[in-house]
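Here is a walk through one protein model. Keep the structure in view and follow the paragraphs in order.

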Amino acid sequence: MAIAIALIVIVVGSVVFHLLSPWWLTPLASNWHQMDNTLTITLVITGVFFVVINLFVAYALLRFRHRPGAPRAAFQPDNKRLEHGLIVVTTVGIVLLLAPGLVVYADYVKPPSDALVLEVLGQQWQWRYRFAGADGKLGRSDARFVNGTNPFGLDPDDAAGADNVLIAGNEVHLPLGKPVKVLLRSHDVLHDFYAPPFRARMNMVPGQVTSFWFTPTAVGRFEVLCAQLCGVGHFNMRGYVVVEEPAAFQAWLGAQPTFAALRTAPAATADAGADPKTRGQGLAQSKGCIACHTIDGSAGVGPTWKGLFGKTETLADGSTIQIDDAALRRDIREPQARVVKGFPPVMPAVPLSDEELDALVAYIRAQGGAAR
Ligand code: CUA
């Protein structure tokens, strides 16, 4: 009796909770309304079965509960006709549930021929993006070519790669209303590129290029999540897709560096004679610092560099330090030794030469602050 009542309360409570819950899908920002339809259909079917089965169990508990002198139930170990019937019904049911998904999936991996090509590169724990240049071709890439100044691993001998536009930060822009073919690569482990409002996602498999496509249908700044557990910094593997009018997108794209430009930049050639601040800027990009530290004051995974120099920071243990030259050097060399309050202890120790450290500190100092 008590269990029957509990089951009825659970069924009614679940349905009421679902109807009143504020946790539902964010507004759709792409063409993939089929994903939402799939979710709704699945929820309705499983919801109906959940309600019917639990109410039937509650009914059976009440109707057939033990009474003194009541007849005993007949034990029937198997029933061939019933089993065959169930096999047929469940087979047909599962085919009906899955077949429409295959049709949608076929469409999902077949982009329109005029789609803009965006390459997304995942690595622990940052995103990088690449666009083809004017010729529409992405240059060859290979893990052999990956190093501090060539994080995408582009083949320097492939002319098609020279005009490729490389986005080293974790934010990428896309034009509104244009189909985008997304090519996905990973440098280390499984990652998964996922921006929930687009409903589209795909695993990134080391050694493979996976792909899907979508058309952004709403202007906005959408958060990107990594949807595969990829290590201790997984929760921090966030990025943004900014969808804007095509003209604004073209202006943004035009301001981004090409592979050729980055290779001839002072930092890339490790020219010790170059201005340290300029070298530091290149290093901040090539070593991946800017994935976590912004220079415009906006929040990042780590503290922003804007106005950092000379600032007094509170550490995780409650003590305070003044950010001067020595403090910056120590914190870059030993990032886990002490951590600024409110930030996760996820900064990797990046190998830097003394000159590189000088240049990086000069660049951070140039971002302003109380002391110079
Ligand atoms: Cu990359 Cu989780």
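Which residue in S10 is the bridge partner of valine 224? The partner is glycine 239. Bear in mind from the start that this is a predicted model.

Begin, then, with strand S10. Strand S10 covers residues 238-244. Of its 7 residues, 5 are buried, so the strand is largely enclosed by the rest of the structure. Two other strands pair with S10. Strand S9, residues 220-226, is joined to S10 by 6 bridges, and these two run antiparallel. The pairing of valine 224 with glycine 239 sits in S10. Strand S4 is joined to S10 by 5 bridges, and here the strands run parallel. Leucine 174 stands opposite valine 243 in S10.

Strand S3 spans 165-167 and strand S4 spans 171-175, with asparagine 170 in the loop between them. The side chain of asparagine 170 reaches out to the backbone oxygen of arginine 238, at 3.3 Å. Arginine 238 is also among the residues that asparagine 170 touches, once residues up to four places away in sequence are set aside.

Another loop is worth a stop. Arginine 199 lies between strand S6 (191-195) and strand S7 (200-204). Its phi is positive, about 65°, although arginine 199 is not a glycine. Arginine 199 counts as buried because its relative accessibility is 10%, and the cut-off is under 20%.

Next come the charged pairs. The whole structure holds 13 salt bridges. One of them joins the side chains of arginine 130 and glutamate 119, at 2.9 Å from N to O. Arginine 130 belongs to strand S2 (residues 126-131) and glutamate 119 to strand S1 (residues 116-123), so the pair ties together parts 11 residues apart in sequence. Both arginine 130 and glutamate 119 are buried.

How accessible are the two? Glutamate 119 has a relative accessible area of 4%, so it is buried. Arginine 185 has 10%, so it counts as buried as well.

A further salt bridge joins two helices. The side chains of arginine 365 and aspartate 325 meet at 3.0 Å, N to O. Arginine 365 lies in helix H8 (residues 354-365) and aspartate 325 in helix H7 (residues 325-333), so the pair ties together parts 40 residues apart in sequence. Arginine 365 counts as partly exposed, at 29% relative accessibility. Aspartate 325 counts as partly exposed too, at 23%. Both belong to a network of salt bridges that links Asp325, Arg329, Asp358 and Arg365.

Turn to the aromatic rings. The structure holds 15 aromatic pairs. In one, the rings of tyrosine 59 and phenylalanine 64 have centres 6.5 Å apart and planes at 85°, so the pair is edge-to-face. Tyrosine 59 is partly exposed, with a relative accessible area of 45%. Phenylalanine 64 is exposed, at 57%. Phenylalanine 131 and tryptophan 252 form another edge-to-face pair, with 6.2 Å from centre to centre and 80° between the planes. Phenylalanine 131 is in strand S2 and tryptophan 252 in helix H4 (residues 246-254), so this pair ties together parts 121 residues apart in sequence. Both phenylalanine 131 and tryptophan 252 are buried.

Rings also gather in a group. One aromatic cluster is formed by Trp32, Tyr105, Tyr108, Phe198, Phe212, Trp213, Phe214 and Phe222.

Finish at helix H3. This helix runs through residues 80-108 and has 29 residues. From its first C-alpha to its last it reaches 42 Å, close to the 42 Å expected at 1.5 Å a residue. At the start of H3, a side-chain oxygen of asparagine 79 comes to within 3.2 Å of the backbone nitrogen of arginine 81.

Conventions:
Residues numbered from 1 in each chain as written. Predicted model: local features only at pLDDT ≥ 70, side-chain atom pairs only at ≥ 80, totals over all residues. Heavy atoms only, no water. Helix = DSSP H or I, 4+ residues; strand = E, 2+ residues; numbered from the N terminus. Polar contact = N/O pair within 3.5 Å; in protein donor to acceptor, adjacent residues only side chain to side chain. Contact = heavy atoms within 4.5 Å. Expected span 1.5 Å × (residues − 1). Buried < 20%, exposed > 50% of the residue type's maximum accessible area, 1.4 Å probe, protein only. Pairing = 2+ DSSP bridges. Salt bridge = Lys/Arg side-chain N within 4 Å of Asp/Glu carboxyl O. Phe/Tyr/Trp six-rings, centres within 6.5 Å; stacked < 30°, edge-to-face > 60°.
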